[in-house]
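Subject: Structure handover

Hi,

Here is the structure for you to look at. My notes follow below it.

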Amino acid sequence: MKIKLIIVMISFLFSIPAFAAKPTWAGKGKPTMEQKQEHKSAMQEKKEMDDDDIGDEIKDKAMEEKKHKKDKMHKKDKMKKEKKHKEEKMQQEKKDMMVEEGGDKKGLEKQKAKKAEQEQKELGKGSEKGQESRQKRKKWYKFWE
């Protein structure tokens, strides 16, 4: 019973706008050809007057905006080029330093030595079965050893 009452109340609320009064301009029918022509001519005259008065100002503003956008784009392009140049310079410096140090091989050897010196935290922890499985899968991906 309560559900039916709620449904009726909700449907009534949605149907209220359907009972609103018609606006004064509604239901007068379509305009005649003469009325259409008069409207078109009035709109054209209005547009011509607006173009004469405001046209130059709008064109000037549009030109300024275009110029401003071009300046912004030019600045962005310049910044990108500078950033790219700096990155290339940094990469070149890194390459030069690696060559001075002896190349990639020394770097890999240093890394291996560092890893060997590190303390293995999981060593001796867990069950014997777990330790054995860790030993088996420890370095399967290092083919060079």
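First, a term: a surface patch is made of residues with over 30% relative accessible area and no salt bridge, with like charges joined within 9 Å and nonpolar side chains (Val, Leu, Ile, Met, Phe, Trp, Tyr) joined within 5 Å. A salt bridge is a side-chain nitrogen of Lys or Arg within 4 Å of a carboxyl oxygen of Asp or Glu. Accessible areas come from the Shrake-Rupley method with a 1.4 Å probe; for residues, only the protein chains shown count as cover.

This is a predicted model: local features need pLDDT of at least 70, side-chain atom pairs count only at pLDDT 80 or more, and totals for chains, interfaces and linings use all residues. Residues are numbered from 1 along each chain as its sequence is written, and side-chain values use heavy atoms, with hydrogens and water left out.

The fold: the protein has four helices and zero strands. Helices (H or I, at least four residues) and strands (E, at least two) are DSSP runs, numbered from the N terminus.

Of the 145 residues, 1% count as buried. Buried means under 20% relative accessible area, exposed over 50%, and partly exposed in between.

Helix α1: the count of buried residues among its 14 residues is zero. I6, I10 and F14 make a nonpolar patch of about 340 Å². I10 lies in α1. I10 counts as partly exposed because its relative accessibility is 40%.

Helix α2: this helix covers residues 33–101 and includes E57. E57, D60, E64 and E65 form a negative patch. Asp and Glu count as negative, Lys and Arg as positive; His and the chain ends are not counted. Each charge is placed at NZ of Lys, CZ of Arg, CG of Asp or CD of Glu.

Best wishes

Technical notes: Buried means under 20% relative accessible area, exposed over 50%, partly exposed in between (1.4 Å probe, protein chains only).
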